[in-house]
Amino acid sequence: MTDKNTVNQIVNDFLKENVEIYLVDLKISADNKIAVEIDSFAGVSVQMCENLSRFIEKSLDRNKEDYELEVSSAGLTSPFKVVNQYIKNIGKDIEVLTADGLKLTGILKEANENAFTLIVEKKIKPEGTKRKVIVFEEFTFNYKDIKSTKYLLKV
């Protein structure tokens with residue numbers, strides 16, 4: 001089986017030359033299928049995936065080990081896996097599922113290495129009024145407290 005650390009180093013060497021791209025996920029299955037998932041703040045083209053795939057293939061020796069390689073971009077509605085995906089989606093609608101089961105949708109206000117802030121729109125009826133009013137509430141979450149976060153595609 002291909003060594004994950006070796007493939008990770010190869011991908012990181014490629015990313016040093018292509019700083020607009022970042023690694024989202026790297027998996028190697030028991031049957032030696034290498035799956036590399038990348039993203040970029042400007043989006044990922046097929047050409048970017050091809051370039052990384054060729055770089056990896058050039059760096060690994062098929063005579064030593066047979067493997068299957070798949071390089072793809074992070075899916076639009078796939079759960080976020082790295083902090084850069086949060087940063088990329090600042091100002092956009094996201095859906096958050098916390099570790100304790102709370103599901104919230106709102107606008108991603110900010111994100112850093114430790115946490116992110118979500119602005120949620122709520123309708124409440126203040127005491128003594130007849131109509132509900134819209135209020136905005138901010139929630140800050142540590143990444144460790146999140147089960148999943150994904151971009152909320154609105155149609």
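Which residues does Asn89 touch, not counting residues up to four places away in sequence? I looked this up in a predicted model. I found Phe80, Leu108 and Tyr151.

**Entry: Asn89**
I placed Asn89 in the loop between helix H3 (83-88) and strand S4 (93-98). I then checked its accessibility. Asn89 has 8% relative accessibility, so I list Asn89 as buried. The cut-off I applied for buried is under 20% relative accessible area.

**Entry: Asn32**
I turned to another asparagine. Asn32 sits in the loop that links strand S1 (21-28) to S2. Its relative accessibility is 5%, so Asn32 also goes down as buried.

Next I listed its contacts. Leaving out residues up to four places away in sequence, Asn32 touches Met1, Thr2, Glu65, Asp66, Tyr67 and Glu68. The side chain of Asn32 comes to 2.8 Å from the backbone nitrogen of Thr2.

I also took a distance from Asn32 to Asn112. The two are 80 residues apart in sequence. From C-alpha to C-alpha, Asn32 and Asn112 are 34 Å apart in space.

**Entry: Phe41 and a surface patch**
One patch of about 240 Å² is formed by Phe41, Ile87 and Ile90. I located Phe41 in the loop between strand S2 (33-40) and helix H2 (46-59). Is Phe41 buried, partly exposed or exposed? I have Phe41 as partly exposed, because its relative accessibility is 46%. Partly exposed runs between the 20% limit for buried and the 50% limit for exposed.

**Entry: whole chain**
I counted the secondary structure. The protein chain has three helices and eight strands. I read the order from the N terminus as α-β-β-α-β-α-β-β-β-β-β. Why do I note the protein chain as more spread out than a compact globule? Its radius of gyration is 20 Å, while the globule rule gives 15 Å for 155 residues, so the chain is well over that value.

The C-alpha trace of the protein chain spans about 80 × 30 × 30 Å along its principal axes.

**Entry: burial, contacts and surface**
I looked up burial across the protein chain. Of the 155 residues, 34% are buried. I then sorted contacts by sequence separation. Taking contacts between residues at least 6 apart in sequence, I found that 52% join residues at least 24 apart. Last, I noted the surface. The protein chain exposes about 9900 Å². Carbon and sulfur atoms supply 48% of that area.

Terms used
Residues are numbered from 1 along each chain as its sequence is written. This is a predicted model: local features need pLDDT of at least 70, side-chain atom pairs count only at pLDDT 80 or more; totals for chains, interfaces and linings use all residues. Side-chain values use heavy atoms; hydrogens and water are left out. Patches are made of residues with over 30% relative accessible area and no salt bridge: like charges are joined within 9 Å, nonpolar side chains (Val, Leu, Ile, Met, Phe, Trp, Tyr) within 5 Å. Accessible areas come from the Shrake-Rupley method with a 1.4 Å probe; for residues, only the protein chains shown count as cover. A salt bridge is a side-chain nitrogen of Lys or Arg within 4 Å of a carboxyl oxygen of Asp or Glu. Helices (H or I, at least four residues) and strands (E, at least two) are DSSP runs, numbered from the N terminus. Buried means under 20% relative accessible area, exposed over 50%, partly exposed in between (1.4 Å probe, protein chains only). The radius of gyration is taken over C-alpha atoms; the globule rule is 2.2 Å times the number of residues to the power 0.38. Contact means heavy atoms within 4.5 Å. A polar contact is a pair of N or O atoms within 3.5 Å; within protein, one must be able to donate a hydrogen and the other to accept it, and residues adjacent in sequence count only if both atoms are side-chain atoms.
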